[in-house]
Amino acid sequence: MGVILSAKNLQKIYGMGEVKVEAVKDISLEVEKGYFYAIIGKSGSGKSTLLHLLSGFDRPTKGTVKIGGENIHKMKDRRLSAIRREKMGFVFQSYNLLPEFCVEENIRMPLYLNRAKKDKGYIRSLMEKLGIYGLRLKFPSQLSGGEQQRVAIARALAAQPDIVFADEPTGNLDQQSGGDVLRLLKMMKEEWGQTILLVTHDMEIAQAADRIIEIRDGMVVGRGE
């Protein structure tokens, strides 16, 4: 289907001198459109740092990240922000919902920020497929953890991004809710053609992906399907 994201010789160093930590060491990879990738590794392995570099949340010490052939770390902040709003979706472990807004408003927030006028039918369909249409007028404090994560997934899909980054999205959930979230992520790929990059420390979760990238001590030590 073609390469949607590529990284070349990525390195990230924190600190200086004796306290210097090389969190990511010379990683190169290609992400193909329409696949579900799991980046797996133990705590401190560098997997979340890698995700932050690939998504533009953090800048590398060395190396390049290209999305659609453009080097995102050479972009001006305004351009990078626009690319991230339009082409990327994000799902976090902590949900990051805005407590003063109801479910539907939270989901529509990327559209408000983009000043986009997406078909209202799409947002309704999204909520229905994720099983949260009946919760659309509730506030985050009225929802369970699993329900909040469903809202976060819907928000990530609201602008119909090309690629979705998920950082330990099941980390705060019980086993059943975590399994539901995984099924929803797979549905995102199958129903809407999203490319998914998920970070996890759990091999059982990683097995749900099409391709697995294993990180250890800041380096890729294994790739598999």
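## Strand β7 and its neighbours

Strand β7 and strand β8 (residues 195-200) run parallel and are joined by five bridges, where helices (H or I, at least four residues) and strands (E, at least two) are DSSP runs numbered from the N terminus, and two strands count as paired if DSSP finds at least two bridges between them. Between β7 and β8 the chain passes through helix α6 (residues 175-192), and this β-α-β crossover is right-handed, which means that, with the strands pointing away from the viewer, the path from the first strand over the helix to the second runs clockwise. This is a predicted model, in which local features need pLDDT of at least 70 and side-chain atom pairs count only at pLDDT 80 or more, while totals for chains, interfaces and linings use all residues. Residues are numbered from 1 along each chain as its sequence is written, and side-chain values use heavy atoms, with hydrogens and water left out.

Strand β6 (residues 88-92) is also parallel to β7, joined to it by five bridges. In β7 (residues 163-167), five of five residues are buried (under 20% relative accessible area, with exposed over 50% and partly exposed in between, for a 1.4 Å probe and protein chains only). Ile-163, Phe-165 and Asp-167 point one way from β7, and Val-164 and Ala-166 the other way.

## The antiparallel sheet

An open sheet is formed by four strands in the order β2-β1-β4-β5, with antiparallel pairing. Because β2 (21-32) and β5 (70-71) each have a single partner strand, one side of each is left without a neighbour in the sheet.

| Residue | Opposite residue |
|---|---|
| Met-88 | Ile-163 in β7 |
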